[in-house]
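Please examine the sequence and the structure shown below.

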Amino acid sequence: MGGGIPIVYAEEVREALHERRPVVALESNVITHGLAYPHNARTAHRVEAAVRKSGSVPATICVEDGALRVGMTERDIERFASGTGIPKVSSRDLPVVLARGGRGATTVASSLVAAELAGIPFFSSAGLGGVHRGAQTTMDVSSDLIQLTRSRVAVVCAGAKMILDLKLTAEYLETHCVPVISCGSDDFPAFYCSSSGVRAPHRIDDEDLMARTVAAYWATPAPGSVVITVPPRPEDAVDAAEAEAAIAKALQQAERDGVTGQGLTKYLMRAVDEATGGRTAEANMAVLVSTAETGGRIAAAYARHVAAAS
Ligand code: PSU
Ligand code: MN
């Protein structure tokens, strides 16, 4: 499978796909650029364990030796977590990194491309890229959003990251006809904060109904993803006012340091972690794990639905 792109499957992923058992794809950019070592490795293992606990098989994705790796071993995750200079690979970087043969850490966008090629219908990460604040002038809109209009892979996340303009991100997804359904809250969450303040157009708490909704969307000719948002657990959430104050400072710092483009997201995440004394890094790790567990449960419900319908 994969239309000419070499795909190296982890054994447990290959078996699960063969037996039509649920698999949840996971990104590796959040390991190499999202969190600092060794928290990134520990979190990646906890995320994978959370997917397993919910009855699905985790498939962390990366690029190496000219192939898409679908399912990383503990050693692979350790190598990527402790490695330096591993480039962040979004969809448009994929062909270059594949052709060159080096290593690459996949973002939400490129993980969706890989998941679809690998036949994996579900993906989970905590924070999507989105419309950056000031995008009216910078035009900085994450390629994650465009990829959501192309890849038929359901995405279970905790919304888009707080550092973004969440109202414009919600507007953008509506404009591009991407179904966005919230689970467990009337509002879209904001990554490690419980609410973005943006009301969700649809709320579905029942996992089987959510699975049927995903199947219904993909029964239409429409391309693209279904975005399912789930808030952080209350005990893990960061107070929105505290996060907002740290983000405002980080944005000013980025402005002063002239940070824009690909490096902005990581710069802002690090600055906010510092401003909150690591509080947001803790919450980032926790929401990655809780989101993955919900992702695993919905993927399992979807696999049951597909099995019953076939
Ligand atoms: N979620 C996190 N931390 C991250 C990211 C997501 O908790 O670092 C990454 C994802 O890989 C996402 C990327 O695809 O940020 C978006 O980057 P940009 O805004 O440059 O497209
Ligand atoms: Mn960008």
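Helices, of at least four residues, and strands, of at least two, are DSSP runs numbered from the N terminus. The model discussed here is predicted. With that numbering, α2 gives the most to the shell around ligand 1, namely 3 residues.

The shell as a whole may be described next. Ligand 1 is surrounded by 18 residues, and the closest are Glu27, Asn29, Lys88, Ser142 and Asp144. Sorted by class, this shell comprises 10 polar, 4 charged and 4 nonpolar residues. Ligand 1 sits in the largest pocket. Two or more residues of its shell come from each of α2 (29-34) and α12 (264-275).

A polar backbone atom of Val108 is 2.9 Å from an oxygen atom of ligand 1. From the side chains, an N or O atom of Asn284 lies 3.4 Å from a ligand oxygen atom, and a polar atom of His132 lies 3.5 Å from an oxygen atom of the ligand. On its own, ligand 1 has 480 Å² of accessible area, of which the protein covers 94%.

The structure holds 1 cavity of 30 Å³ or more, and the largest cavity contains about 140 Å³ of space. Its lining consists of 16 residues, with Glu27, Val30, Ala44, Val47 and Leu288 nearest its centre. By class, 9 of the lining residues are nonpolar, 5 polar and 2 charged. At least two lining residues are supplied by each of α2, α3 (39-53) and α13 (279-309); α3 gives the most, with 5 residues.

Definitions and conventions:
Residues numbered from 1 in each chain as written. Chains lettered and ligands numbered in written order. Predicted model: local features only at pLDDT ≥ 70, side-chain atom pairs only at ≥ 80, totals over all residues. Heavy atoms only, no water. Near = heavy atom within 4 Å. Polar contact = N/O pair within 3.5 Å; in protein donor to acceptor, adjacent residues only side chain to side chain. Areas by Shrake-Rupley, 256 points an atom, 1.4 Å probe, with all protein chains shown as cover. 1 Å grid on protein atoms, 1.4 Å probe; cavity = no way out; pocket = protein on both sides within 12 Å on 5 of 7 lines; lining within 4 Å. Sits in = over half its atoms within 2 Å of the grid points. Nonpolar A, V, L, I, M, F, W, Y, C, P; charged D, E, K, R; others polar. Points joined across faces, edges and corners; volume = space filled by probe spheres on them.
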